[in-house]
Amino acid sequence: QVQLVESGGALVQTGDSLRLSCVASGRAFNNVAMAWFRQSPGKEREFVAYINWIGKATNYADSVNGRFTISRDNARNTMYLQMNSLKVEDTALYYCAMSIKGNLKDTGEFRSLSEYTYWGQGTQVTVSS
């Protein structure tokens, strides 16, 4: 059974930094693409960042580009999201997602929830002003 467990969420202030982690178990991690999504109350789940199986290809939502960095350590079955210069609008439940493909297409495939087969339970990030 595949499990994705997120951690690192917290209550922080505007301008602070956080690092989220996602630990995977139950299947091979080093040959699949991963992503972070987030969801705020009353809003749809939205794409945040994507990383391919080897970590050589990444992509970000415009709203976080330049502030967030996605990375992975295949030896530790772990994906990270370094979040800097946090804003109030970054407040959300952050989800880790795993595809069964190694690479998702740059045509927007990696932004689609349907491309990800496995999901974690989420970790809450709250940014106060």
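**Charges and their pairs**

Author: Happy to! The protein carries 13 positive and 11 negative side chains, and the centres of the two sets are 5 Å apart. Here Lys and Arg count as positive and Asp and Glu as negative, leaving out His and the chain ends; each charge is placed at NZ of Lys, CZ of Arg, CG of Asp or CD of Glu.

A word on the model: it is predicted, so local features need pLDDT of at least 70 and side-chain atom pairs pLDDT 80 or more, while totals for chains, interfaces and linings use all residues. Residues are numbered from 1 along each chain as its sequence is written, and side-chain values use heavy atoms, without hydrogens and water.

Side chains of opposite charge can pair when their charged atoms come close. The whole structure holds six salt bridges (a side-chain nitrogen of Lys or Arg within 4 Å of a carboxyl oxygen of Asp or Glu).

Let's start at Arg38, which is buried at 5% relative accessible area (buried is under 20%, exposed over 50%, partly exposed in between, with a 1.4 Å probe and protein chains only). Arg38 meets Glu46 in a salt bridge of 2.6 Å, N to O, and Glu46 is partly exposed at 36%.

Arg38 also pairs with Asp90, their closest N and O atoms being 2.9 Å apart. Asp90 is buried, at 1% relative accessibility. Asp90 in turn forms a salt bridge with Arg67, at 2.7 Å between the closest N and O atoms, and both of these residues are buried. Through shared partners, Arg38, Glu46, Arg67 and Asp90 join into one network.
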